[in-house]
Amino acid sequence: MPAVPGGPLRLGHTARLAVLVTAVAMGGVAVAAPAVPSSAAACNGYVGLTFDDGPTGSTTTLLNVLRNNGARATMFNIGQNVQNNRSVAQAQVAAGMWVGNHSWNHAHMASMTQAQMQSDLSQTSSAIQSATGVRPQLFRPPYGETNSTLQSVASSLGMRQVIWDVDSQDWNGASVSAIVSAAGRLQNGQVILMHDGIQNTRDAIPQIMANLSSRNPCPGMISPSTGRAVAPDGGGNPTTPPPGGGTCTATATYPNVWGDRYNTSVTVSGASTWTVVVGLTSPQCVSTTWNGTFSWDSGGTVMTVRSNGSGNTFGFTTMMNGNSGARPQIRSCTAS
Ligand code: ZN
């Protein structure tokens, strides 16, 4: 065995395992069996962690805590806060979080007129899209107050309403242990309400994650089609029907994911001649395309794909450029 240089050993996980294996193979000192790497643990279902009311002055701290604990979450942002903290909103997406719409300024929306709702939600989605490159597909009404008009306005803007199954009561002064025990009640597919900007909530995250990994559900994304927590990269994006025009449906899957890039395959049904608009997330960029005619907006974050006679499935390779979490979003499918 080669001599180990002096000084404290600071080996990565892989290097440590290699040393242990070498020692055993040489019939050297007995060593404890190496622990199974945590990444090998299987997920037995998914839960949705959500943080409302950001971005705030402490969002960056929250993102660090989430990242350090291997957690991904959905951030229901307030439009006005996004407009005032664009780079922080962008950091949420760069840290692998999903972003949702939580109204422009946290008003009691159920008492608004339909026109006011429409204006509030669309202004918020535009601010989020402008800052992050991602158009929200989820909407959480402030205070959980809603009605059928608000739901249909959200739906017309391509968003599914998501309330919560478990309220952590962090907004109401809950202690760290109370927040941890609330998260301990989460069952497969369920969603918990927490908030950005609360110290007890941030302090609870390591214990919440330890509890989840002992019970095995993993933090997942909230499906825009069902409102339930699902695997982060699983399934396609539902399509917003085009206004007027012919209908078609485009469904995205991600058949290949590598460390630095991934492939997206989009299948169109209901039309043989079609136009599909896809939203991309900066700094991700498309490097290769196939089976369609592709064009991009000037910012490079919106891609329009037209059928070119090579069938109803097109695809492209996206370079992650440091953002491994984001996936393209189908904005619309129009038959022509
Ligand atoms: Zn709120």
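What follows is a short tour of a metal site, a pair of helices and a residue in a loop.

Keep in mind that this is a predicted model. Let's start with the metal. A zinc ion is held by D53 through OD, and by H102 and H106 through NE2. The distances run from 2.0 to 2.1 Å. Along the chain, these donors follow the spacing D-x48-H-x3-H.

| Residue | Relative accessible area | State |
|---|---|---|
| H102 | 1% | buried |
| M320 | 4% | buried |

Both count as buried because the cut-off is under 20% relative accessible area.

Next, the helices. Helix α4 covers residues 86–94 and helix α5 covers residues 114–132; their axes come within 8 Å and cross at roughly 75°. So α4 lies roughly perpendicular to α5. On the α4 side, R86, A89, Q90 and V93 make the contact, while α5 brings in S130, A131 and T132. Sorted by class, this contact has 3 nonpolar, 3 polar and 1 charged residues.

Now back to M320. Where does M320 sit? You'll find M320 in the loop between β18 (313–319) and β19 (329–335). Leaving aside neighbours within four places in sequence, M320 is in contact with V257, W258, G259, D260, R261, Y262, P283, Q284 and R327. Take P283 from that list: P283 and M320 are 37 residues apart in sequence, yet 7.3 Å apart in space, C-alpha to C-alpha.

Note on methods
Residues numbered from 1 in each chain as written. Predicted model: local features only at pLDDT ≥ 70, side-chain atom pairs only at ≥ 80, totals over all residues. Heavy atoms only, no water. Axes fitted to C-alpha atoms, helices over the stretch in contact; angles between N-to-C directions. Helix = DSSP H or I, 4+ residues; strand = E, 2+ residues; numbered from the N terminus. Parallel < 35°, antiparallel > 145°, perpendicular 65-115°, else oblique. Contact = heavy atoms within 4.5 Å. Nonpolar A, V, L, I, M, F, W, Y, C, P; charged D, E, K, R; others polar. Buried < 20%, exposed > 50% of the residue type's maximum accessible area, 1.4 Å probe, protein only. Donors = N, O, S within 2.8 Å, 3.2 Å for Na, K, Ca; no water.
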